[in-house]
Amino acid sequence: MTFLKSVAAGALVATMFTGSAAYADDCANRGALDVLYCDADGDLIADAPSADKLVDPGTLVFAYTPTEDPAVYADIWAPFIEHLEKVTGKNVQFFPVQSNSAEVEAMRSGRLHIAGFSTGPTPFAVNLAGSVPFALMGSDEGEFGYKLQVYTRKDSGLNTMEDLAGKRIAHTSPTSNSGNQAPRALFPSLGITPDEDYEVVYSGSHDQSLLGVVAGDYDAAPVASEVVDRMAERDLFDKEDMKIIWESSPFPTTSFNYAHNLDPKVVEKIKEAFFSFDFTGTTLGKEFSGVSKFIPITYKQDWAVIRTIQAANGVTYTPEGLK
């Protein structure tokens, strides 16, 4: 039944993507971008369309990357939504999303204007939906990022990456960076190859991977450190029961994007709202500890390591690759 639902969902996503509007005309350089977009300046993101195709919505729709409980995050993001409304002078609607593909399709179809995309799905959003990454959460010193950490229970008997051989390991989803793509690119050099040396089971999310390890459903799981920290702070599990057997160097975290076809005046107000927001004492600041502000980034530079990992995995930025 689950398989049939997955096939149906995949077919629906493919249908929605192929049903989108006309190709970008007179495009000398497109790179990996979908045929709807063009990249004349070579910055790897979609150029803004002609003035007659720009949009200035009466209500801005904002989404945050899929989580275990989207309703909780609607409350967490409320102070920022209020700030965004004040700065832009527009109503802002929080749009809870259930999957990465649904979030990308929402921006591609024009139903989503501002979005936080997880690290791995960000290149799909850029190339399939014309999203423009411009910010992520960081510290006052401009530092940002998270690590891929491999968690297991303290009593599991697993102490090294080689010990994962023959075990049942939770990956999150095919497009996830730390939950799947990075492990597939990095683990072979550590002496362990996913699908060959251990069984990969897709859990659906970092939360479910970690909680599955806690419950004994999986022997271990590669997860994003930022997600683990937030879960521990909400007492969803006890860190004392767990241990890390390997961790990576930092990766960029969730990117915040605007739709490429927004009116530049609206874009400037959106950026002003992000870069002027004060996390201190807000629910957002409490949820994302160690973060104090949004900092500017560029997709071309800051997602280079992610594109390298995805290229090593043979990833192509297509609707099928996003499933």
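Which residue does a disulfide join to Cys27? The partner is Cys38, with an S to S distance of 2.1 Å. This is a predicted model. The average pLDDT of the protein chain is 90, and 92% of the residues reach at least 70.

**Disulfide**

- The count comes to one disulfide.
- A disulfide is a covalent bond between the sulfur atoms of two cysteines.
- The link of Cys27 and Cys38 is right-handed, with 95° about the S-S bond.
- Both Cys27 and Cys38 lie in the loop between helix 1 (2–18) and strand 1 (59–63), so the pair ties together parts that are eleven residues apart in sequence.
- Cys27 is partly exposed, at a relative accessible area of 22%.
- Cys38 has a relative accessible area of 14%, so it counts as buried, the cut-off being under 20%.

**Helix 6 and helix 12**

- Two packed helices are described by the angle between their axes and the distance between the axes.
- Helix 6 covers residues 177–186, and helix 12 covers residues 304–312.
- Their axes come within 8 Å and cross at roughly 65°.
- The crossing of helix 6 past helix 12 is left-handed.
- Helix 6 contributes Asn177, Gln181, Ala182 and Ala185 to the contact.
- Helix 12 contributes Ile306, Ile309, Gln310 and Ala312.
- By class, this contact has five nonpolar and three polar residues, and no charged residues.

Terms used. Residues are numbered from 1 along each chain as its sequence is written. This is a predicted model: local features need pLDDT of at least 70, side-chain atom pairs count only at pLDDT 80 or more; totals for chains, interfaces and linings use all residues. Side-chain values use heavy atoms; hydrogens and water are left out. pLDDT is the predictor's confidence in each residue, from 0 to 100. Axes are lines fitted to C-alpha atoms, for helices over the stretch in contact, and angles run from 0 to 180 degrees between N-to-C directions. Helices (H or I, at least four residues) and strands (E, at least two) are DSSP runs, numbered from the N terminus. A crossing is left-handed if the near helix is turned anticlockwise from the far one by less than a right angle, and right-handed if clockwise. Contact means heavy atoms within 4.5 Å. Ala, Val, Leu, Ile, Met, Phe, Trp, Tyr, Cys and Pro count as nonpolar, Asp, Glu, Lys and Arg as charged, and the others, Gly among them, as polar. A disulfide is a pair of cysteine sulfur atoms within 2.5 Å. Buried means under 20% relative accessible area, exposed over 50%, partly exposed in between (1.4 Å probe, protein chains only).
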